[in-house]
Amino acid sequence: RRLTDANAGLRFLQATAGSDEQGEYSDPYGGFLVPDQFVSSPLSLGAETDPSMGRTRKITMGSPVVEIPARVDKNHSSSVSGGLTVSRRAEAAQMSASRQQYEKVRLEAHMQYGLTHVTRELLEDSPQSVASLIGAGFADEFRSATFEEKLNGSGVGCYQGINNSGCVITVAEEAAQANDTIVYDNIVKMRARCWGYSNAIWILNHDCYPQLAGLQNSDGTPMAWQPSLREGEPDMLLGRPVFFSEYPATIGDQGDVLLINFSEYLEGVIGGEGIRSESTIHVRFDYHEQTFKFYRRNAGSSLLVAV
């Protein structure tokens, strides 16, 4: 078709774009012909790494309660062996006797579990294994819950967390130190109070990073903190690894910066390290659902009953 315009002369009529063609932009005019793609692997963030893994002392428990004798040797002011002493004597002088003292460290295992129900329709119709997804999800939960207990567990029906144990040492803030800050002397005094520093690691809340990164010695020189220069290796603070985690307290609260020797933390397990799993259709049979259960029996406590 041609159209006469008094001002523009003879011109061709142009159709408005997006009004008369086939395209994906409109379902009735072509969009229905292009199927959506389904990615069978769901996205996830997962759980943060437990930096204590491989650092604690493992105890194989043959019964739900295990009591372990331990020397009372945490205070070395007069004896390093729980009370025995070595002395000198003059000729013909009477010798003094000494004796050891013991205590018990108690591990009591409790079940740690996860339970969920899934309809049979979902199990049968899903293009991916719902059981595998549930198993992977609970693996994250067990790892997260266990590390949380290692730090903050009450010890009643669960791990005794380090922050609730008799051996915790709190380093007070410096005089006139501003709120929500970390200063050089905080770090040095924590290092001074740590027994077995060669086995210890630092664990800080993520929001402590800006303070740590800008930390300086009292003379203004850079702090003895070394950011990792190699992928997969941790930062270092005063020669020991640093891990940033969501589990410590937020900056400014007690427990925001932790220095822990996990070789003195006991983890007891019954029936092996792994998480056991079972499933049944009978629990909610009349709902046409299948029940999945994941569990293990374990216990945790500091070896240092007190300091």
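**Core and salt bridges**

Guide: The largest nonpolar core has 18 residues, and Ile 182, Trp 202, Leu 204, Leu 212, Val 242 and Val 257 are those with the most contacts inside it. Two or more residues of this core come from each of α3 (184-192), β7 (201-205), β10 (240-245) and β11 (257-260). This is a predicted model, where local features need pLDDT of at least 70 and side-chain atom pairs count only at pLDDT 80 or more, while totals for chains, interfaces and linings use all residues. Residues are numbered from 1 along each chain as its sequence is written, and side-chain values use heavy atoms, with hydrogens and water left out.

Visitor: What makes a set of residues a nonpolar core?
Guide: The term covers buried Ala, Val, Leu, Ile, Met, Phe, Trp, Tyr and Cys residues joined through side-chain atoms within 4.5 Å.

Visitor: Which residues does Leu 204 touch?
Guide: Leaving out residues up to four places away in sequence, Leu 204 touches Ile 182, Leu 212, Val 242, Phe 243, Phe 244, Ser 245, Pro 248, Asp 256 and Val 257. Contact here means heavy atoms within 4.5 Å.

Visitor: Why is the pair Glu 267 and Lys 58 called a salt bridge?
Guide: The term requires a side-chain nitrogen of Lys or Arg within 4 Å of a carboxyl oxygen of Asp or Glu. For Glu 267 and Lys 58 the N to O value is 2.9 Å, so the pair qualifies. Strands are DSSP runs of E with at least two residues, and helices are runs of H or I with at least four.

Visitor: Why does Glu 267 count as buried?
Guide: Buried means under 20% relative accessible area, exposed over 50%, and partly exposed in between (1.4 Å probe, protein chains only). Glu 267 has 5%, so it is buried. Lys 58 has 42%, so it is partly exposed.

Visitor: Which other salt bridge does Glu 267 form?
Guide: Glu 267 also pairs with Lys 150, with the closest N and O atoms 3.3 Å apart. Lys 150 sits in helix α2 (residues 130-152), 117 residues from Glu 267. Salt bridges that share partners join Asp 50, Lys 58, Lys 150, Glu 267 and Glu 273 into one network.

Visitor: How many salt bridges does the structure hold?
Guide: The structure holds 16.
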